[in-house]
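Q: I should like to learn how to read the features of a structure one at a time. Could we work through some examples together?

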Amino acid sequence: MWKLMIADDEPRIRNGLCKTLPWADMGIEVVAEAENGKEALEIAASACPDLMFVDINMPFMNGLELIEKLQIQNPNCLVIVISGHDEFAYAQQAVRLNAFDYLLKPVQKTELGAAVNKAIDVLMKDRVEQKHTQWMNHKLEFNALTMREEFFSKWITGKLTKEQFEEEWLFFQPQFHGKISMLLLKPLGKITANVQNKIWDPPLLEFAIKNILTEMLPQLPVSVIFSVEKGRIAALSQISDLASIRAIYQEFERVVITHLGVSMLLSHTVVEQLEDVPRHYEELHQELLRESALTPIVMMTKKYLETYYYKEDLSLSEVAEQMNVNATYLSKLLKRDLGKSFVDCLTDIRIKKAIQYLNDPTSKIYEIAQKVGYQSQHYFSHTFKKMTGVSPLEYRKRGDY
């Protein structure tokens, strides 16, 4: 229904206009009346009429002043002036103020009907054009996002020449400054530990994961998220605090597992120079390929260890029970696929996590030991030195993380 408002200081005129034509049959609803220009302007702000009948001679604010203010407040409202003044100057000023039509009282029913029908035709045309514009803007926005994703995907996979990169970067460039965090992930579909499996349509799953990651990265100064070939998703983010970005990625993985019921392969690195992004992508890509080649049980076991590494009493039998396999069988699988025992796999993960915690200078060594599953600081330091060649304190001083 189109919304009609009537502004006239004479109740008889307003009442007559309300009954002159079968408004409902014409798809029109009289939503408001006003007896002066000031009141009409205030009501129009909330009623948002599509069409308004306006008298010239009204108290507090005359019709011409009202039309002028409506141009700003309700620019899409069409105004038909219905006035008792048969003076050319009034009509001329109304036209100058973009009034749609100018009718003289007493207005004839056929004349009013013709003017209103003509106004409805214009409103219909404007609405169609507005919807078309909205549709076009949506298409342009969608195409721009698609082109942006395609650019970043081709760039990091090395499919752009130097000239192509420099030309398109000017158009798509985010303002990266300093270190860049690169995340590469691949959904594992039904390969999920301790979560009820849900079969996802791959494009829909990819869309859902990207939405979650998008919601979790706005706190970073600059970030871009895009699809890469073969179902992988990449994210580039400007960072200043490694601990923060790692915390975001950990929470992101937890949210995906909890709400989508799928696990993921994730690989992350820090890039010092923008031009090194494609090379680092290839390294992450190869890492994911190696992970993807693992058997599902070994893959789930690694994910489980990466989630619960902090548990001091984490054992082979506990993990085997979670994987629904025999402990001896799981031990053999780990040795065959990874070339390591269960203890070695767990130790590797714990030391890698410890290195990440060492990036925070406020964390004490004994606190880090406890965070990665070691009750004894001495045993943690001994294990750390055995794995890296230096003690945790020496490693922190060197800054090799």
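Q: Is Glu 318 buried or exposed?
A: The model before us is a predicted one. Burial is judged from relative accessible area, and a residue counts as buried under 20%. Glu 318 has a relative accessible area of 18%, and it is therefore buried. This residue lies in helix H11. Leaving out residues up to four places away in sequence, Glu 318 touches Tyr 304, Lys 311 and Asp 313.

Q: What is the relative accessibility of Val 79, and how is it classed?
A: The same cut-off of under 20% applies. Val 79 has 3% relative accessibility and so counts as buried. It belongs to strand S4, residues 78-83.

Q: Which residues does Val 79 touch, not counting those up to four places away in sequence?
A: Contact is a matter of heavy atoms within 4.5 Å. Val 79 touches Met 52, Val 54, Ile 67, Leu 70, Ala 99, Phe 100 and Asp 101.

Q: Which residues are joined by a cis peptide bond?
A: Most residues other than glycine have a negative phi, and most peptide bonds are trans. In this model a cis peptide bond joins Lys 105 and Pro 106, with omega at about -10°. Pro 106 is found in the loop between S5 and H5.

Q: What is the phi of Phe 60, and where does this residue lie?
A: Phe 60 is not a glycine, yet its phi is positive, at about 70°. It lies in the loop between strand S3 (51-54) and helix H3 (63-73). At 72% relative accessibility, Phe 60 counts as exposed. Asn 98 likewise has a positive phi, near 70°, and is a residue other than glycine. Asn 98 is placed in the loop between helix H4 (88-96) and S5. With a relative accessible area of 57%, Asn 98 is exposed.

Q: At what angle do the axes of helix H10 and helix H11 cross?
A: A pair of helices is described by the angle and the distance between their axes. For H10 (residues 296-308) and H11 (residues 316-323), the axes cross at roughly 125° and come within 10 Å. H10 is therefore oblique to H11. The crossing is right-handed. Ile 297, Met 300, Thr 301, Tyr 304 and Leu 305 of H10 meet Glu 318, Val 319, Gln 322 and Met 323 of H11. By class, this contact has 6 nonpolar, 2 polar and 1 charged residues.

Q: How does H10 pack with helix H12?
A: The axes of H10 and H12 (residues 327-338) are 10 Å apart, at an angle of about 95°. H10 is thus roughly perpendicular to H12. On the H10 side the contact is made by Ile 297, Val 298, Thr 301 and Lys 302, and on the H12 side by Tyr 329, Leu 330, Leu 333, Leu 334, Asp 337 and Leu 338. This contact has 7 nonpolar, 1 polar and 2 charged residues.

Q: At what angle do H10 and H13 pack?
A: Their angle is about 45°, and their axes are 10 Å apart. That makes H10 oblique to H13. Lys 302, Leu 305 and Glu 306 in H10 meet Phe 342, Cys 345, Leu 346, Ile 349 and Lys 353 in H13. The classes here are 5 nonpolar, no polar and 3 charged residues.

Q: What span should helix H13 have?
A: At 1.5 Å a residue, the 16 residues of H13 (residues 342-357) should span 22 Å, and the end C-alpha atoms are 23 Å apart, which agrees. Among the buried residues of H13 are Phe 342, Cys 345, Leu 346 and Ile 349.

Technical notes:
Residues are numbered from 1 along each chain as its sequence is written. This is a predicted model: local features need pLDDT of at least 70, side-chain atom pairs count only at pLDDT 80 or more; totals for chains, interfaces and linings use all residues. Side-chain values use heavy atoms; hydrogens and water are left out. Axes are lines fitted to C-alpha atoms, for helices over the stretch in contact, and angles run from 0 to 180 degrees between N-to-C directions. Helices (H or I, at least four residues) and strands (E, at least two) are DSSP runs, numbered from the N terminus. Angles under 35 degrees count as roughly parallel, over 145 as roughly antiparallel, 65 to 115 as roughly perpendicular and the rest as oblique. A crossing is left-handed if the near helix is turned anticlockwise from the far one by less than a right angle, and right-handed if clockwise. Ala, Val, Leu, Ile, Met, Phe, Trp, Tyr, Cys and Pro count as nonpolar, Asp, Glu, Lys and Arg as charged, and the others, Gly among them, as polar. The expected span of a helix is 1.5 Å times one less than its number of residues. Buried means under 20% relative accessible area, exposed over 50%, partly exposed in between (1.4 Å probe, protein chains only).
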